[in-house]
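Please study the sequence and the model before reading each solution.

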Amino acid sequence: MSAVTAGHARRHPRPGPGMVPLGRVAGVPVAAHWSVLGIVALLAIVMARSELPLLAPGQGSLAYALAGVSVALLLMASLLAHEVAHALVARASGVGIEGITLWLLGGTTRMRGEPERPGPELRIAAVGPVVSAALAGLFGLVAVLTRPVVADLVHAVLAELALVNIVLAVFNLLPAAPLDGGRVLRAALWARRGDRWAAAITAAHAGRVLAALLVAGGVVLALGAGPGGLWLALIGWFVGVAAVEEERRARQGRALDGITVGEAATAAPVVVAADGSPAALVAAAGTPRAAIAGVLLTDPAGEPAGYVPPARLRLLGGGRDDRRARRPAPVPASRLTTVRPGDALARFLGDLAVPQGRLVVVDDGTVIGTVSRTEVEDLLRHAATSSPGPPATPSDTTPRRVPAPDAPPPPDWWWHGGPRRPRREPGA
């Protein structure tokens, strides 16, 4: 499943808590969350204890263990290839790539934009399952061609990899958001109807139906065949959470359609060098503008390196010599997205949904304002009260404290995007 966030934006990727950088593939940063160890261990155990002994009986325990680990690691490599395909096609379509993350339930490609037309969106979504299907065919072909000359256990490993990849391809093509097939459905409906928001809502509804079926099926399997069905229920739960969030964002996007970032931006923050002296930050914090708009920290290249909201500036105390003052923790650069004032606000709902997410609005190299979730909430409330017809339901207008649909599980879970969502500070 691929994440889609801000369009025409510049993001500053940094590994989040619990993340291990793995380097770059085709120029795309790749990281793994520690939960990957869970799926690798689980898959290796299942393969070594049940699947591989059935396909290649008579081997020793150590041989099965090594073969199980091989299947698990090669599956992770297959998932990475799936996500790299998304990233490369997105980049070729003009969509920026922030990075790829492997985690417990698969992989996520974090993008900095949405395609402007349904055609590129269709290609970006479809290429992942196509690559998985191609890998299934490759492993299957190698298994058939090498059958007379390789050991039974090696043949079993190749057969399992072919099977798992084809299952991955088929599952991801199910026409339900947030799966790749849901994106394909959204692109097709968008092309047919000309309404991207209605298409997204329909795909999200399909995702909710699929989630209910997966959870119900997992529970039935768990009751009848053992606890293995709980894994299917867990996947269904995640799909349901993401589908609900995707529908919410689509409805918000419809409400914000036509509104630019510049129209939502607050006053420009005071700009201070991130490597400057504490006295410079204290002096900036004492200005009237900082009390309203906060302080933006910049690196030597002039790029945003952090943001201190007005509420946190109070931690600095009242003067330069106040020994009780301490430097407040800024919003990290990884949560700041640089945008232009003419960019559509609806594109950046994903960036603003992450904890402390904020847009930094830059015009010709000058910071002219910022946008946080607070401004979006105000605009949505205004749209709800000023639009004709029956009042919108809270689910249509009020952002709930859950993560972006494309950014994996909820904030109260140990996912790769970071710790629990912090309590929101006044003015933050």
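**Exercise 1.** In this predicted model, determine how helix α3 and helix α5 are oriented relative to each other, and describe their contact.

*Solution.* 

Step 1. Two packed helices are described by the angle between their axes and the distance between the axes.

Step 2. For α3 (residues 118-145) and α5 (residues 180-193), the axes come within 8 Å and cross at roughly 160°.

Step 3. Angles over 145 degrees count as roughly antiparallel. Helices α3 and α5 are therefore roughly antiparallel to each other.

Step 4. The handedness of the crossing of α3 and α5 is left-handed.

Step 5. On the α3 side, the contact is made by P118, E121, L122, A125, A126 and P129. Their counterparts in α5 are D180, R183, V184, R186, A187, W190 and A191. By class, the residues of this contact comprise nine nonpolar, no polar and four charged.

**Exercise 2.** State the strand order of the open sheet of four strands, and explain why one side of β7 and of β10 is left without a neighbour in the sheet.

*Solution.* 

Step 1. The order is β7-β8-β9-β10, and the pairing is mixed.

Step 2. Strands β7 (270-273) and β10 (331-332) stand at the edges and have a single partner strand each, so one side of each lacks a neighbour in the sheet.

Step 3. Strand β7 pairs with β8 (residues 295-298) in the parallel sense, over four bridges. For V272, the bridge partner in β8 is L297.

Step 4. Helix α9 (residues 278-285) packs on the sheet and touches β7 and β8. The direction of α9 makes about 150° with that of β8.

How values were computed: Residues numbered from 1 in each chain as written. Predicted model: local features only at pLDDT ≥ 70, side-chain atom pairs only at ≥ 80, totals over all residues. Heavy atoms only, no water. Axes fitted to C-alpha atoms, helices over the stretch in contact; angles between N-to-C directions. Helix = DSSP H or I, 4+ residues; strand = E, 2+ residues; numbered from the N terminus. Parallel < 35°, antiparallel > 145°, perpendicular 65-115°, else oblique. Left-handed = near helix turned anticlockwise from the far one by under 90°. Contact = heavy atoms within 4.5 Å. Nonpolar A, V, L, I, M, F, W, Y, C, P; charged D, E, K, R; others polar. Pairing = 2+ DSSP bridges.
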